[in-house]
Amino acid sequence: MLLAVAVLSMRDRYTAAAALVLERNNSQMLEAVTQLDNEQRDRSAIETEMDIISSRVFAGRVVDAMNLVEHPWFNTYLPASADDEPSTFPGNLFAAVKTTAKGLLGLGEPDGPRKLPSLSVQRDRAITSLLGVLSVTRNGESLAVTVRVSSPDPELAAALANTVANVYVDWSRELKKQAMSDAVGFLRERANQVASRIAENEREITNFSGLNQLASDERDDLVRKRIDEMNTQLTAARVELAGIRASREQGQRVIAGTGDLEGTSLESPLLTTLRGEQALLARQRAQYASNFAASHPQMVETDAQLASVATMISAEIQRIVDDLAGKEKVINGRVQQLETQISEMQATVRQRSLAEIRLRELERDLLADQKLHDLVVARLGGLDPFAEVAKPSARVVSVAEVPTTPSFPQRGRLLAGGTVGATVLAVILAVVLEATDIRIRSGQRIGQVVQLRNLANIPKGQSSWFKSRAHILMRLISTPRSTNAEAFRSLFLACRAQFTGAKAVILVTAPLPGDGTTSVALGLAFSAASDGVRTLYVDLDPQSLRVAMACFDEAEHPSGTAIEGMYAPTDAIRPVPGLDHLDTLMSGKRGGHQAQPLMESENVRLLLAKLRASYDLIVIDAAPVLIVEDANWLSPFVDAVLLVTRFGRTTEHELIGAVSRLNMNRAPLIGTVLNCVDPHGRAIQEPLGAVSYPTQARTYFIS
């Protein structure tokens with residue numbers, strides 16, 4: 001039902017679609033067709049275009065083009081008119097519920113017009129709303145992009161889809177046109193800058209060459225030629241200096257007597273003449289020596305001449321050495337002068353080399369600027385003619401038509417799918433709840449949990465929409481043949497089988513309040529009395545006192561005759577009107593919520609012994625075993641204990657706890673009674689007698 005209401009109250013939404021085809025990569029105008037065919041957009045470029053269409057910047061252009069700031073569907077800050085509310089559900093349920101909720105919660109509009117935020121905030125809200133209904137998709141690797149827009153108004157949906165497509169085409173054209181204009185302006189500015197730099201480099205090269213005296217031709221470089229000539233002179237001077245030094249050293253050795261004049265390079269006319277005379281005198285002395293003695297005048301004269309010639313040769317050699325020393329000083333000075341001049345000229349050459357390096361650097365910069373200028377001018381020449389012609393990156397190939405059927409909601413599918421889903425969810429939820437449910441719903445489960453027999457299953461009492469349900473005992477007296485009466489009769493027969501031919505005291509208790517202990521005890525007492533057994537019903541549960549006394553007349557049970565602390569039992573026993581063999585014994589005062597203090601255990605034993613003498617069956621209605629200890633306190637004085645569990649309410653943990661408490665005090669627990677059984681809610685199908693066949697039993701009893 002909620003699904004049907006929700007689907008019927010949904011507002012129809014119409015979806016319109018327009019198709020765009022993205023162009024290939026951006027290329028220059030009038031390029032070859034083969035080149036265009038080879039250029040394809042990659043996946044990332046297409047996804048980028050789709051993201052641009054879904055961006056807030058582009059959506060803002062659409063909002064401005066359609067003036068959606070003035071539309072309440074998109075600018076939610078504006079007050080909505082009556083036509084804006086959904087009206088697909090009869091009676092405009094959505095508007096009524098919304099108005100009622102605002103009135104109950106105090107969310108109505110304040111007195112006077114509501115203050116709107118700034119225009120920028122309203123525009124942002126309209127952009128957000130537009131993006132919420134806008135979607136951009138494509139199929140596979142296709143360049144075709146589909147733009148879909150959803151709206152409650154079919155004409156508005158088609159207009160929005162077409163506007164998105166057209167605005168994107170115009171925007172892409174404007175962007176490309178602006179990009180080309182910016183590129184042309186940049187190239188022009190760059191060309192002017194490069195041209196200015198080329199002129200500046202040329203002027204700098206000219207000034208630098210003149211300042212450093214750099215020749216344009218290497219053959220005109222006089223400095224290097226002069227260095228070469230001076231190097232030749234320096235070499236010749238160094239060779240000459242070395243020869244003079246060698247001759248001077250030879251002469252010094254000859255003068256010192258450590259060298260021989262023969263083999264030296266010392267030469268002069270006088271030295272040559274003296275050496276000739278010395279050789280002639282030496283031959284004469286050799287001739288004289290062979291003929292004369294050493295003291296011969298000829299020998300003495302020849303020796304004197306030889307000594308004079310030797311002295312003259314030594315003097316001549318000394319003079320030659322002195323001349324060589326002077327020449328050596330002169331040539332050495334010349335060598336040093338040449339070296340100094342060559343060093344200075346080489347420093348000049350090094351400075352010129354550095355200047356030439358800088359010159360070559362300036363020439364390279366000039367060449368680079370010239371090439372850059374040529375490139376910029378060529379690129380500018382290719383762009384400038386087409387600067388005002390811009391091709392968009394997409395074109396519209398399919399305009400959106402006005403949809404005639406809503407795209408959402410598809411009520412038939414939603415109802416069918418929602419029904420199936422709700423059914424599956426309900427089944428899963430039911431299975432989960434059943435798997436986690438530990439409440440008692442069958443006698444077999446009681447036996448599995450606490451190993452006790454379930455002696456009877458008491459059906460749930462019949463109720464009416466217009467009158468309150470009658471008390472159990474009054475219903476049993478008025479209709480002795482019914483499913484409830486037969487269930488209590490089955491319980492009495494099961495208990496009678498436990499105590500054949502003996503008087504018995506049966507205590508009836510339950511784990512928690514509200515499990516129906518009083519109704520089970522009264523039903524058991526009624527069945528026994530109906531069978532002719534002298535029965536006494538003893539009510540020791542203070543919470544059930546008001547329920548039990550509602551069965552009897554005020555005159556039959558005055559407030560002062562009920563048992564007060566178990567004193568005067570004979571005066572407290574009262575018969576049940578309309579039913580022989582059944583008496584009742586109440587404890588406490590009528591209308592009270594607390595029981596009077598119980599007497600000692602020995603007095604209880606004596607009281608029950610006295611009552612056994614007058615009755616064949618005593619049924620004691622005790623308090624819940626998990627709340628108070630009355631049942632455990634009375635268990636040593638009774639013959640049997642019946643534990644009442646409520647169908648679909650008592651849990652396994654409560655049942656186990658109650659049985660454990662009773663077994664701890666060695667209570668004679670003979671079984672359980674499953675009360676308020678719903679035949680349609682049983683977890684395990686087990687025979688319940690007339691309870692299993694309520695329709696047939698009702699027909700049989702009526703007939």
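Mentor: Start with Arg 666, which is found in the loop between helix 20 and strand 12 (669-677). Helices (H or I, at least four residues) and strands (E, at least two) are DSSP runs, numbered from the N terminus. This is a predicted model, in which local features need pLDDT of at least 70 and side-chain atom pairs count only at pLDDT 80 or more, while totals for chains, interfaces and linings use all residues. Residues are numbered from 1 along each chain as its sequence is written, and side-chain values use heavy atoms, with hydrogens and water left out.

Trainee: What makes Arg 666 count as exposed?

Mentor: Its relative accessibility is 77%. Buried means under 20% relative accessible area, exposed over 50%, and partly exposed in between (1.4 Å probe, protein chains only). Arg 666 therefore counts as exposed. By this rule, 38% of the 703 residues of the protein chain are buried.

Trainee: Why is Asn 67 called partly exposed?

Mentor: Asn 67 has a relative accessible area of 45%, so it falls in the middle class.

Trainee: What makes helix 12 oblique to helix 20?

Mentor: The axes of helix 12 (residues 443-450) and helix 20 (residues 652-664) come within 10 Å and cross at roughly 55°. That angle makes the pair oblique, because angles under 35 degrees count as roughly parallel, over 145 as roughly antiparallel, 65 to 115 as roughly perpendicular and the rest as oblique. Axes here are lines fitted to C-alpha atoms, for helices over the stretch in contact, and angles run from 0 to 180 degrees between N-to-C directions.

Trainee: Which residues make the contact?

Mentor: Helix 12 contributes Arg 445, Ile 446, Val 449 and Val 450, and helix 20 contributes Glu 652, Leu 655, Ile 656 and Val 659. Contact means heavy atoms within 4.5 Å. These residues divide into six nonpolar, no polar and two charged. For that count, Ala, Val, Leu, Ile, Met, Phe, Trp, Tyr, Cys and Pro are nonpolar, Asp, Glu, Lys and Arg charged, and the others, Gly among them, polar.

Trainee: How do you know that Glu 652 forms a salt bridge with Arg 445?

Mentor: The closest N and O atoms of Glu 652 and Arg 445 are 2.7 Å apart. A salt bridge is a side-chain nitrogen of Lys or Arg within 4 Å of a carboxyl oxygen of Asp or Glu, so the pair qualifies. Glu 652 lies in helix 20 and Arg 445 in helix 12, so the bridge ties together parts 207 residues apart in sequence. Glu 652 is buried at 14% relative accessibility, whereas Arg 445 is partly exposed at 31%.

Trainee: What about Glu 47 and Arg 138?

Mentor: The closest N and O atoms there are 3.8 Å apart, and the pair forms a salt bridge. Glu 47 belongs to helix 3 (residues 43-53) and Arg 138 to strand 2 (residues 134-138), so parts 91 residues apart in sequence are tied together. Arg 138 is buried, with a relative accessible area of 13%, and Glu 47 is partly exposed at 29%. In total the rule gives 20 salt bridges.
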